[in-house]
Amino acid sequence: MRILLGITGGIAAYKAANLVRALAELGHNVQVLPTKNALEFIGKSTLEALSGNPIYTEMYEDVQEVRHVAYGQEAELVLVAPATANFLAKLANGMADDLLMNAILASSAPVVVCPAMHTEMWLNPATTANVEILEQRGIRVMRPESGRLTGGDSGLGRLPETSDIISFALYGSEVLAGKSVIVTAGGTREPIDEVRFIGNFSSGRMGIELALAFRDAGAQVKLIACNIDRELPAGIEIQRVSSVSELESAMDQPSDLLVMAAAVSDFQLKNPHRGKLPRGEAMSLELTPTKDLLAQYAANQKDSYCVGFALVENGSDVIKVATRKMQEKGVAAVVGNEITALGAVDSSVHFVTADGAQHKSGSKTDIARWLVAELSAILSKS
Ligand SMILES: Cc1cc2nc3c(=O)[nH]c(=O)nc-3n(C[C@H](O)[C@H](O)[C@H](O)COP(=O)(O)O)c2cc1C
């Protein structure tokens with residue numbers, strides 16, 4: 001996602017370096033826009049190095065670029081952290097006296113601000129009234145925390161931790177409000193007899209993380225959990241299933257978005273044995289292919305944006321295989337990863353759509369949040 005990160009001139013501006021780094025590591029394109037006063041507290045070179053983008057503060061530099069309009073229009077999210085009392089007052093009044101204010105006024109992206117200041121400044125009726133105005137206009141204001149302030153004193157007004165700002169700005173949003181999302185997770189089991197099955201090593205972790213990230217983005221989420229024995233998150237409709245046919249029945253409903261993260265068996269026994277097969281004798285099992293539930297869903301639910309997962313042999317060309325699967329199954333996107341990801345905490349994925357491929361590696365939590373941000377951006381354009 002393209003994030004315009006405004007930094008204003010409070011003491012907490014030095015903490016913005018961590019924020020820039022964390023957002024960049026999540027794969028976002030961060031354009032930092034400090035006020036001139038912010039550069040009294042943090043060096044421009046630090047921010048340029050961490051974001052990988054040049055930084056400008058002058059309104060009348062390279063005028064032909066009309067930079068404030070470009071910044072505003074390109075941004076998919078405007079985040080201002082820390083936000084000074086002065087900034088809140090200017091924004092509440094629609095003032096446009098520097099590059100940051102002009103870029104924000106020129107933007108139609110969601111705006112999130114994180115005020116940080118001394119307790120008295122935060123509790124001042126003028127600041128309170130400005131915050132109220134901003135919230136009435138749909139701007140999301142993250143409340144400051146209590147703790148150590150500029151001098152030796154402490155109280156309400158401290159900038160929250162980087163991870164909390166990221167959660168609030170990126171995931172505690174309502175970008176997917178009103179959207180229904182189905183996520184399948186875990187691995188199916190096909191009975192061999194009444195005590196044994198054909199299964200796989202999927203832990204369900206990726207699907208659970210995706211369901212959480214979709215929930216935090218405001219979507220109405222249904223998680224179809226295939227044989228997951230861990231505790232499942234709150235705030236999500238859960239349906240537990242075991243076999244491919246149970247999964248098929250659970251998926252039989254429309255959605256705005258389907259993410260098929262479950263590892264679905266490709267084979268099933270033609271005639272599962274009644275009772276328990278005896279030990280000791282060699283035997284062969286006749287397997288038949290299962291239905292391709294993702295392709296079937298995409299064909300039946302034409303309005304749904306369908307995303308598949310492709311587990312690819314280690315060392316293969318993941319993008320090529322994912323692209324082929326996307327075309328064969330008639331889906332909008334495929335997330336390709338290697339077999340090593342199965343059951344692991346970390347992963348490395350290629351997110352393939354008709355527009356090309358993007359890569360992300362890290363914990364499945366980070367990957368899920370990144371994927372949800374990408375999918376939110378796609379859905380908000382459709
Ligand atoms: C040492 C020091 C620390 C400051 N810390 C804050 C702060 O945390 N919050 C705030 O709203 N203003 C703070 N200020 C005041 C702002 O720098 C001042 O209001 C400035 O005009 C803000 O400019 P800007 O909003 O354009 O960045 C501080 C000033 C100084 C000298």
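Which strand do four bridges join to β8, and do the two run parallel or antiparallel? I found that β8 is joined to β13 by four bridges and that the two run parallel. Strands and helices here are DSSP runs, numbered from the N terminus (E, at least two residues, for strands; H or I, at least four, for helices). Two strands count as paired if DSSP finds at least two bridges between them.

Before going on, I noted that this is a predicted model, in which local features need pLDDT of at least 70, side-chain atom pairs count only at pLDDT 80 or more, and totals for chains, interfaces and linings use all residues. Residues are numbered from 1 along each chain as its sequence is written, and side-chain values use heavy atoms, with hydrogens and water left out.

I looked up the bridge partner of Thr184 and found Met260 in β13. The order of the open sheet of eight strands is β12-β11-β8-β13-β16-β17-β18-β19, and its pairing is mixed. At its edges I found β12 (237-241) and β19 (356-363), each pairing on one side only. On average, neighbouring strands of this sheet are turned by 15 degrees against each other, direction ignored. Angles run from 0 to 180 degrees between N-to-C directions, with axes as lines fitted to C-alpha atoms, for helices over the stretch in contact. Helix α11 (residues 293-300) packs on the sheet and touches β8, β13 and β16. The direction of α11 makes about 165 degrees with that of β16. Contact means heavy atoms within 4.5 Å.

I placed Gly308 in strand β16. Gly308 is buried, at a relative accessible area of 0%. The cut-offs are under 20% for buried and over 50% for exposed, with partly exposed in between (1.4 Å probe, protein chains only). Beyond its neighbours within four places in sequence, Gly308 is in contact with Met260, Leu294, Ala333, Val334 and Val335. For Val307, with neighbours within four places again left aside, I list among the contacts Leu257, Val259, Ala333 and Leu375.

**Entry: cores**

I took a nonpolar core as a set of buried Ala, Val, Leu, Ile, Met, Phe, Trp, Tyr and Cys residues joined through side-chain atoms within 4.5 Å. The largest one has 34 residues, and Val307, Leu371 and Leu375 are among those with the most contacts inside it. Elements giving two or more residues to this core include α9 (205-216), β16 (305-312) and α13 (364-381). The largest share, seven residues, comes from α13. Apart from this core lies another, of 32 residues, among them Ala12, Val20, Ala169 and Tyr171.

Buried residues of α13 pack against α9, β13, β16, β17, β18 and β19.

In α7 I found Thr127, Asn130, Val131 and Leu134 buried. They lie on the same side of α7 because they cover an arc of only 100 degrees around the axis, the arc being that of the directions from the helix axis to the C-beta atoms. The face turned away from the buried side carries the exposed residues Pro125 and Gln136.

**Entry: the parallel sheet**

Five strands form an open sheet with parallel pairing, in the order β2-β1-β3-β4-β5. I also found Gly6 opposite Val80 in β3.
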